[in-house]
Amino acid sequence: MRSIRRQLLSVVLGTFVLAAALLGVSAPASAHDAAESSSPAQGATVATTPEQVSVTFNKNPLGIGAQFSVKDSAGAEWADGAVEIVDSTATQKLKAGAPAGAYTVAWRVVSSDSHPIEGTFGFTATAAAAGAAPSGTSSAGASPSAAVPTMGTAQPGTVAAPAPAEDASEPFPWSLVIFAAVAVGLLVAIGILAKRRLDAGSDDETEQA
């Protein structure tokens, strides 16, 4: 009987080890999406103010709720129009005539797992874009109080974006389903093995008697 108990203990310990390994494999799959790069790059110095800025992610963000704010050193807003999302890249156009100087970009998107993620980056333009106002003044197309949603708010303003894909809902956690099925299978196998060994032990005791 002691031998049977030891074997059953070994099987149970093996089950826990396998379960821990499966959880370790499924954990990275549940991690949120992340930004991989931006254009211009963080801290970059460009020759002229770009016509657009963008952020590229490790997965394709959903086409809903995306927002960009692009402000110069005076606090004037230069984001123009809706955010465009193509594959894993979200792009925001800038108004014409943006002046030279430092810019801060704040972005917010809904990741592929339906969780909002956000971040910031900055760059400096050495020269103004074509048609920019003289240095020290703001173009008529920009204003520090421009109606652009505030980053980080619980329910930011709506920004037009492509319609969500048919499968835009949160992905089904198949890894957890697989883990549960394996765990149930192992428990059933343990039960069958335990019953057989107990029956075998009973038969041996009967024969010895």
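A nonpolar core is a set of buried Ala, Val, Leu, Ile, Met, Phe, Trp, Tyr and Cys residues joined through side-chain atoms within 4.5 Å. Buried here means under 20% relative accessible area, while exposed means over 50% and partly exposed lies in between (1.4 Å probe, protein chains only).

Keep in mind that this is a predicted model, where local features need pLDDT of at least 70, side-chain atom pairs count only at pLDDT 80 or more, and totals for chains, interfaces and linings use all residues. Residues are numbered from 1 along each chain as its sequence is written, and side-chain values use heavy atoms, with hydrogens and water left out.

Let's start with that core. The largest one has 22 residues, and Val53, Phe68 and Trp107 touch the most other members.

Now step back to the whole protein. It has 2 helices and 8 strands; helices (H or I, at least four residues) and strands (E, at least two) are DSSP runs, numbered from the N terminus. Read from that end, the order of elements is α-β-β-β-β-β-β-β-β-α. Of the 209 residues, 30% count as buried.

Next up is an open sheet. Its 4 strands come in the order S1-S3-S6-S5, with antiparallel pairing; two strands pair if DSSP finds at least two bridges between them. Strand S1 (35-39) and strand S5 (84-86) are the edge strands, since each pairs on one side only. In general, strands of a sheet pair through backbone hydrogen bonds, either parallel or antiparallel. S5 and S6 pair in the antiparallel sense over 3 bridges, and glutamate 84 stands opposite threonine 91 in S6.

Strand S6 (residues 89-93) also holds glutamine 92. Is glutamine 92 buried or exposed? Glutamine 92 is buried, because its relative accessible area is 1%. What does glutamine 92 touch? Leaving out residues up to four places away in sequence, its contacts (heavy atoms within 4.5 Å) include Gln52, Val53, Phe68 and Gly81.
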